[in-house]
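Look over the structure first, then read on.

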Amino acid sequence: MDVTGKNKEQKDFPGEIHETAGGGIVLSKLDEVINWARSNSLWPLTFATSCCGIEMMSVASAKYDFSRFGFEVARATPRQADVIIIAGTIVNKMAPVLRRLYDQMADPKYVIAMGACAISGGPFFYNTYSVVKGADHVIPVDVYIPGCPPRPEALLHALITLQGKIKAGLTREQIKENSYLNP
Amino acid sequence: MFSLEGITTVIHEWLNNHFSPTLALLTEFILVGLAAIALFALLGLGLVWMERKVAAVMQIRLGPNRVGPKGIFQTSADTLKLLLKEGLVPDGADKFLFNLAPLVVMIVAMLILAPIAFAKNLQIWDINIGVLYLSAISSLSVIGIFMAGWASNNKYSLLGAMRSGAQIVSYELSAGLSVLSIVVMTGSLSIRDIILSQQNGWWIFKAHIPALIAFVIFIIAVTAETNRAPFDMAEAESELTAGFHTEYSGMRFALFFLAEYINIFIVCAVGATLFFGGWMPLHIGHWQGFNQFMDYIPSSIWFLGKTLGLIFLIMWFRWTFPRLRIDQLLNLEWKYLLPISMFNLLLMTIIAIMGWHF
Amino acid sequence: MLTEDLKIQCTELLPAISFEEGGEWLNAYVASEDLKSFLGKLRSLPGLEFDYLFCLTCVDWKTHLTMVYHFTSTIHRHNIVIKAKLDNSNPEIETVSDIWRTAEMLEREVYDLFGVKFIHHPDLRRLIMPDDWKGWPLRKDYEDPVNMIKL
Amino acid sequence: MVEEIGRTSEGDLIINVGPQHPATHGVLHLVLTLNGETIKKVEPHLGYIHRSIEKMCESLSYRQFIYVTSRMDYLSSHINNHGCALCVEKGLQVEVPQRAQYIRVIMDELTRIASHELWWGAMAMDLGAFTPFFHAFRERETITDIMEKTCGARLTMNYMVPGGVMAELHPDFQKDVKSFIQLYKSKFEEYNELVTGNIIFQNRMKSVGYISYDDAISYGCSGPVARASGVHCDIRKLYPYDIYSKVAFDEITETGGDSYARYLVRLKEMTQSIRIVEQLIDNIPEGDFQAKTKAVLKLPKGEFYQRVETARGELGVYIVSEGGTTPYRIKFRSPGFSNLSALEHMVKGLKIGDLVAAMGTLDLVIPDIDR
């Protein structure tokens, strides 16, 4: 399935309108409505370790403005956040903290690894004693964005990709859930 | 003239004609309850959307615009997501109180709705001590916040709850005194009487500068009472991460979130009722022509317009002012607002006794 | 104060001092036992008053460690670099954190990365590495076969 | 001392601020001992972003290691690169062409403005005002665009190399910078209207986080933090590098020593940076942008120290060379490290809100502290 959902007809709301005598009736699958709500309401955790955090702030700023997609409700507490954007290097001392933050988040939760450091330990920091070589050694990642640091557009693209992934039912959690239901 | 009164009367009569009075009353109870809940949901969605749009305008941005036209379904998506999100209860938490706290906050917000007059003759409960009832119930919300802070077993939450307690208890005083000054003018505690007394002009115009002072104090005090910036000490995102609701997630957090906006609506509605005549159209003395012209605008529009204006004011505060520090907050109340409002009440009383108002 | 005058004054204060030629500023070697008292004088004596410790670090020379202190005076605007050789196996030196308060954190950092023990330091613990970390990462003989690629 | 439930034996509350906390601007971890709301003790724990840059530099060549320093204090990455390039040049004894010197100083000052813009927005956010952040980013994005055109990157530029700068300026550079100066001047008044003049803001800032002249020196503070206490410590004035000796600008000092003084110093510094850029932008001389250097750089045996003034204070680059192609040891004296060490002194006995206000005006960048 196409992750971005391009193969389907682009719609604001899942479901279709059936014209009947007294007006339209909206029919839609519950799953799709749930995914629609979840994908359109990704609240990020205010979490940044280094340089990429500044580009994350740029995305919040007026020029890039991720509030258009409804991402602007950045929560400082992991309990209320939906997506954790790992913006920057994760070092050995930080890894347990990151894990804990992830565990503290309520399901469903998504992870975006932003920048080379979060993907693989960085363009420079691979040869050190303290850097974790990629945040996916610590927590599962849904979307990776390359770059050092990635442009704000890239982060927007990643968030939109994540939306597409949720809508298509292809996030890690959704796949896991389905495999329980249809083994 | 279009009026909501007609609808309520029709329903009332239809029910009484078809059922026994007891059953009719019960049905009305249920209907009112459902209406109140629906109003809650609508208000929550609408006000959150409004807040995000207001913020966007202040911050030279666009705000939500992808989900539905102008992003109006953004908040629906958020609410649905919060409903479906896992509601975590921390291990060390006092589970009973932890679950109870959002409900308390919500119930309190619902209770205050009762005496508010939404339009001409559209009032859930026209209680003769309406204003007193409002003051009494609104101070209960601090219990919910305390519960949340204590039960979370989180030090940030505890600090937030402590701050909130100090804040709400103190700002209650000036809010109460500024409300009293209007009561002095009207001579009645009933919301209905207060609105009717503004038939020939709103109190903010009729009672000269003291009413203006009372209004300013009222707005400051209720901003503090609803824990809104610049008085959002209980939440204080950059200090206490999320204050008293740090440990809350999913639906329980949504209830806090919703209650905040309902509270804003209610205090603004009370402000509009006391100082701007509630649903009373803008009347000026005995200018018959002008007054009649104003009457053509439905009373519900008047009420909503005034309330939304005040809500906008409170949102404007939030997006421009930095937060106060806890001791400055208490200083402001005890050293400035309280003495001023006491003196102001005295002044208002003199005006009322001497009949110097219009 | 000119470098030459500084040199003379330092020699007066501590005859055992030795100077290293070259470099932008005056480089002086001091025995680690004399360091504390000498630095105390550098800080307080009128005319010297090196009140600003802007860099405190350590260099691992494989055979020994060298503590390097960079001082400047905000009054006289002169600079000096003081070095002290330390034993490789058991590096110990007096703390200067009671003279320059910035040294408290800087010394903790040096302790963390080089394992230099600062005697009488108020709070000598690991600052950067986790508390249970083994080894002194910035030493030349530090090896991490898991994480580091040998070039 | 710390019991399981997070209380000391005296019954004080211990709370952890960070590593993930909105006010720490990254992953600083502060352990606060509180009596009610009053702070009794602040203990910084570092290392949550310790990437061992110093160790890594020992295995990188003199051209390579500069790239890593962009990631140290990423808000003034040009200035970091500048310091390292100057230090290598000092060892190589290379004369940098005039054109490169002009370009470097202009870039430094633009970086300083961008950094202070971000600080201004973030600090206001710490105090609970969200809107200034967006207004600051409006101007900051203009600078980022200018940087992107010339350097090819928005944040970590790596533009300065030993011997000059890496590439020629973009043809639009002068035009863009001039239009930025116009924009900045037209918008600067907004900053004062929105934040500086606000009575709540002033009350939050004044006499909060006080540090005296002597303490600022003893704690090794530098940059705006020290200058707000009246310490003259602007490296650009005291030890001028490149063409700073030729440009006219004022070293901003205040005597307040509190958060408000630090705020004012930074705000006024932005105006001074604009002044420097204005003086230079029309007079960039023609010529090479880079001196001829060998492909593989070798520094002579010895020790080299270079101080530069970043947006946060004095950055020291200390290179110990054994004559090889890689440094034997590199130490970066980071301004944030020393400024942070003064935090406890500043906020003892104040409220939690003051901690945030004081920390906001310290303008900490954590990777710069941890390295």
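Which residue of S5(C) is the bridge partner of C:Ala28? The partner is C:Ile82. This is a predicted model.

**Strands of chain C**

Start with strand S2 of chain C, residues 26–29. Strand S2 pairs with strand S5 of chain C, residues 79–87. The sense is parallel, and the pairing runs over 4 bridges. Strand S5 of chain C also pairs with strand S4 of chain C, residues 64–72. Here the sense is antiparallel, over 9 bridges. C:His64 stands opposite C:Asp87 of S5(C). The hairpin of S4(C) and S5(C) has 6 residues between the strands. In that hairpin, C:Arg77 takes a positive phi near 60 degrees.

The two pairings are set out below.

| Strand pair | Sense | Bridges |
|---|---|---|
| S2(C), residues 26–29, and S5(C), residues 79–87 | parallel | 4 bridges |
| S4(C), residues 64–72, and S5(C) | antiparallel | 9 bridges |

**A helix pair in chain D**

Two packed helices are described by the angle between their axes and the distance between the axes. Take helix H3 (residues 77–92) and helix H4 (residues 98–126) of chain D. Their axes come within 8 Å and cross at roughly 140 degrees. Angles over 145 degrees would count as roughly antiparallel. H3(D) and H4(D) are therefore oblique to each other. From H3(D), the contact is made by D:His78, D:Ile79 and D:His82. From H4(D) come D:Arg104, D:Met107, D:Asp108 and D:Thr111. By class, this contact has 2 nonpolar, 3 polar and 2 charged residues.

Now turn to helix H12 of chain B, residues 250–276. H12(B) has 27 residues. From first C-alpha to last, H12(B) reaches 38 Å. That is close to the 39 Å expected at 1.5 Å a residue. How many residues of H12(B) are buried? The count is 25 of the 27, so H12(B) is largely enclosed by the rest of the structure. Just after H12(B), B:Gly277 takes a positive phi of about 80 degrees.

**Where chains A and D meet**

Finally, the contact between two chains. In chain A, 31 residues are in contact with 27 residues of chain D. On the chain A side, helix H2 (51–60) and helix H3 (95–104) are the elements that give two or more residues. H2(A) gives the most to this side, with 5 residues. By class, the side of chain A that touches chain D has 16 nonpolar, 11 polar and 4 charged residues.

Notes. Residues numbered from 1 in each chain as written. Chains lettered and ligands numbered in written order. Predicted model: local features only at pLDDT ≥ 70, side-chain atom pairs only at ≥ 80, totals over all residues. Contact = placed C-beta atoms within 7 Å. Nonpolar A, V, L, I, M, F, W, Y, C, P; charged D, E, K, R; others polar. Pairing = 2+ DSSP bridges. Axes fitted to C-alpha atoms, helices over the stretch in contact; angles between N-to-C directions. Parallel < 35°, antiparallel > 145°, perpendicular 65-115°, else oblique. Expected span 1.5 Å × (residues − 1). Buried ≥ 20, exposed ≤ 12 C-beta atoms within 10 Å, placed from the backbone.
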